[in-house]
Amino acid sequence: MRYIKLPAENFEEFFNSLKAWGKVYGPVKRGNIHSFQEVQRVKEMDLYYNRTMLPPKKFFVRPRDVILRLKNGKWENGVKNEPFVIFGVHSCDIHGLKILDKVYLDEPADPYYKARRESALIIGISCTPDEYCFCKSLGTDFAMDGFDLFLHELPDGWLVRVGSVRGHEIAWENEELFEEVTEEDLANFRAFEEKRAKSFKRKLSKEGLADMLDLAYNSPVWKKYADICLACGNCNMVCPTCRCYEVCDKWLNAYEAVRERRYDSCFMESHGLVAGGHNFRPTRLDRFRHRYYCKSYFDPSAGFNCVGCGRCDEFCPAGIEHVKVLDEVRGSLQ
Amino acid sequence: MSENPYVSYDARILEVKDLTPREKLFTLRFVDPEVGERFDFRPGQFVIVDLRGFGEFPISICSSPTRRGYFQLCIRKVGRMTKFIHRMKEGEVVGIRGPYGNGFPMEKMEGSNLILVAGGLGMAPLRSVLWYAIDSGKYEHIWLFYGTKAYEDILFRDEVVHLLKHGEAMNCSVKLAYEVESPSCIYLEKGFSDRVCKGVVTDLFRGEEFDVNNTYALICGPPVMYKFVIRELSDRKLSPGRIYMTLERRMRCGIGKCGHCIVGTSTSIKYVCRDGPVFTYWDALSTRGLI
């Protein structure tokens with residue numbers, strides 16, 4: 001890893017230089033909610049945010065996405081490369097993107113996702129956890145890769161970790177804005193990280209989690225929570241690793257149609273429905289349990305399908321808490 | 001096949017044949033001969049049929065790869081899209097992408113006995129195996145156990161009756177179980193009293209013994225059927241690794257992206273479209289929710 005320092009007074013100029021790359025999206029506060037929006041100036045952003053409602057997956061797997069256009073009976077390919085910058089991504093969301101990468105870039109790669117991923121510049125930013133965060137338990141509180149530049153706040157500026165060749169080139173082009181990192185900066189960086197590590201309030205016990213859950217298939221806890229759950233699918237929408245999509249064709253006029261993808265949720269009854277009316281997950285209990293199994297699946301090469309961002313808890317209208325459900329399921333085994 | 005895996009290729013409908021009141025057999029050929037040449041599949045694989053502007057649906061290929069130049073799809077009219085394709089005529093063009101999925105491990109099973117157990121529409125993917133096995137002549141003996149509702153519902157009736165009569169010459173024994181009595185069934189039962197009976201597909205196992213060390217079972221049918229067929233096979237001590245079954249799930253993309261066909265729990269998650277649709281019984285024992 002290469003470390004450089006961005007002094008506070010150069011921050012705005014550095015930010016402005018990114019516009020040469022493409023549109024810049026950053027965390028913007030609207031009402032009580034943060035979301036990634038296109039920004040022109042630093043002051044439009046709120047960099048001290050906890051989490052946006054929709055994670056950065058919305059740039060790569062869009063909520064609604066026209067993938068193909070039908071003209072004269074033939075599909076026209078809709079793959080486009082438009083460079084853009086996502087400024088201020090937290091490490092849990094960077095890990096979320098890495099899990100999506102595993103799915104969407106696996107052969108045969110999804111060409112839309114791939115094109116967007118290749119044209120995105122990811123600038124990470126350090127954060128302090130709130131009452132919902134449990135990324136530390138899952139090892140996603142710190143990103144070692146998956147970004148171009150990562151900014152860690154220092155008392156007088158930012159310690160910048162350079163995570164890719166492209167990040168390096170951007171730092172290079174703006175060489176005059178950066179300084180060498182001093183021992184004092186490193187000490188500040190370490191102190192901040194230590195303080196941050198201690199401030200997590202929520203902890204997921206992941207010891208043998210996959211096996212434990214598998215054994216607890218018939219635990220009454222699933223039923224208890226499935227009864228509270230409203231099956232609204234909010235948790236799916238806001239999850240940085242949920243990626244189920246539905247496809248539908250839509251006619252625009254008599255001669256043209258589009259094929260559109262949109263987010264789907266495993267809480268919807270139609271998720272497991274096949275032709276002829278058979279449903280492989282007919283009850284809410286089946287669907288509720290399925291989501292927890294999907295999120296707790298451990299892929300040896302990509303980790304858990306959950307990054308501990310806390311969105312599903314914050315945006316659950318029924319107040320169901322991910323860690324609490326898993327802890328109770330574990331408890332029901334003993 | 002294409003740079004964009006979601007783009008389908010034109011395939012022309014060469015023939016449409018009524019199999020039953022609900023099912024039609026579509027014979028297709030790719031318009032671009034080069035695409036047709038590249039299109040190679042294994043029995044048990046499926047394609048996604050693209051009715052441009054209306055939607056897509058997955059369908060398993062029911063013809064054998066030994067018969068080149070065309071492929072066949074047996075489509076039951078159950079929904080909006082299948083209704084649409086049922087109205088299509090010879091000469092019309094649909095989009096096809098694929099083949100997808102793993103298919104049956106035909107090479108691995110060479111030299112062994114095959115027991116094909118089909119229930120209803122499950123006959124379609126197994127027909128691909130059946131003709132592949134007969135055409136290639138690389139298998140010891142082939143049994144086809146076919147359970148159907150009524151005489152009118154027998155898919156590929158001509159072929160089934162032909163194999164009932166002449167199958168032995170091709171190393172193939174067919175047994176048929178029907179549920180609804182009709183004059184045709186009774187006539188068939190009289191003609192082949194040892195091989196046609198009223199009942200369900202598991203009744204066909206009665207009195208049959210297999211060399212479990214040299215036999216593979218291949219199953220396809222409605223979800224409820226698997227448990228009972230597997231019980232019959234397990235009673236005869238056929239190893240879970242020798243029982244193959246092909247499963248159905250909602251599949252949108254066919255390539256493991258859209259997430260609809262995910263099954264399993266935290267210890268083992270499988271995409272039916274990519275890791276299947278053919279699984280062994282062992283997979284089902286180690287992946288909850290598969291059957």
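N72(A) sits in the loop that joins strand 4 (64-71) to strand 5 (74-77) of chain A. The model is predicted. In it, N72(A) has a positive phi of about 55°, although this residue is not a glycine. This briefing covers backbone geometry, an annotated cysteine site and helix packing.

- Most residues other than glycine have a negative phi, and most peptide bonds are trans.
- N72(A) is exposed, because its relative accessibility is 78% and the cut-off for exposed is over 50%.
- A231(A), also not a glycine, has a positive phi near 55°.
- A231(A) lies in the loop between helix 8 and helix 9 (234-238) of chain A.
- A231(A) counts as buried at 19% relative accessibility, since buried means under 20%.
- In chain B, the peptide bond from G98(B) to P99(B) is cis, with omega near 0°.
- P99(B) belongs to strand 6 (residues 93-100) of chain B.
- The bond from G276(B) to P277(B) is cis as well, with omega near 10°.
- P277(B) falls in the loop between helix 7 and strand 15 (278-280) of chain B.

**Annotated cysteine site in chain B**

- An unreviewed UniProt entry places the feature "binding site" at C253(B), C258(B), C261(B) and C273(B).
- These residues span 21 residues in sequence, yet no two of their C-alpha atoms are more than 10.1 Å apart, so they gather at one spot.
- Of these residues, C258(B) is included in the lining of the second largest cavity.
- C261(B) lies in the loop between strand 12 (243-246) and strand 13 (262-265) of chain B.
- C261(B) is buried, with a relative accessible area of 3%.
- Leaving aside neighbours within four places in sequence, C261(B) contacts R249(B), R250(B), M251(B), K270(B), Y271(B), V272(B) and C273(B).
- C273(B) lies in helix 7 (residues 272-275) of chain B.
- C273(B) is buried too, at 2% relative accessibility.
- Not counting residues up to four places away in sequence, C273(B) touches F46(B), Y100(B), G101(B), M251(B), G254(B), I255(B), G256(B) and C261(B).

**Helix packing in chain A: helix 8 with helix 10**

- Two packed helices are described by the angle between their axes and the distance between the axes.
- Helix 8 (residues 220-228) and helix 10 (residues 284-296) of chain A pack at about 110°, with their axes 9 Å apart.
- The two helices are therefore roughly perpendicular to each other, as angles of 65 to 115 degrees count as such.
- Helix 8 contributes W222(A), K223(A), Y225(A), A226(A) and D227(A) to the contact.
- Helix 10 contributes R284(A), L285(A), F288(A), R289(A), Y292(A) and Y293(A).
- By class, this contact has seven nonpolar, no polar and four charged residues.

**Helix packing in chain A: helix 10 with helix 12**

- Helix 10 of chain A also packs with helix 12 (residues 322-333) of chain A, at an angle of about 95° and with axes 12 Å apart.
- Helix 10 and helix 12 of chain A are therefore roughly perpendicular to each other.
- On the helix 10 side are F288(A), R291(A), Y292(A), K295(A) and S296(A).
- On the helix 12 side are H322(A), V325(A) and L326(A).
- The residues of this contact divide into four nonpolar, two polar and two charged.
- F288(A) and Y292(A) of helix 10 take part in the contact with helix 8 and in the contact with helix 12.

Note on methods. Residues numbered from 1 in each chain as written. Chains lettered and ligands numbered in written order. Predicted model: local features only at pLDDT ≥ 70, side-chain atom pairs only at ≥ 80, totals over all residues. Heavy atoms only, no water. Axes fitted to C-alpha atoms, helices over the stretch in contact; angles between N-to-C directions. Helix = DSSP H or I, 4+ residues; strand = E, 2+ residues; numbered from the N terminus. Parallel < 35°, antiparallel > 145°, perpendicular 65-115°, else oblique. Contact = heavy atoms within 4.5 Å. Nonpolar A, V, L, I, M, F, W, Y, C, P; charged D, E, K, R; others polar. UniProt positions renumbered as here; feature names shortened; annotations may be inferred. 1 Å grid on protein atoms, 1.4 Å probe; cavity = no way out; pocket = protein on both sides within 12 Å on 5 of 7 lines; lining within 4 Å. Buried < 20%, exposed > 50% of the residue type's maximum accessible area, 1.4 Å probe, protein only.
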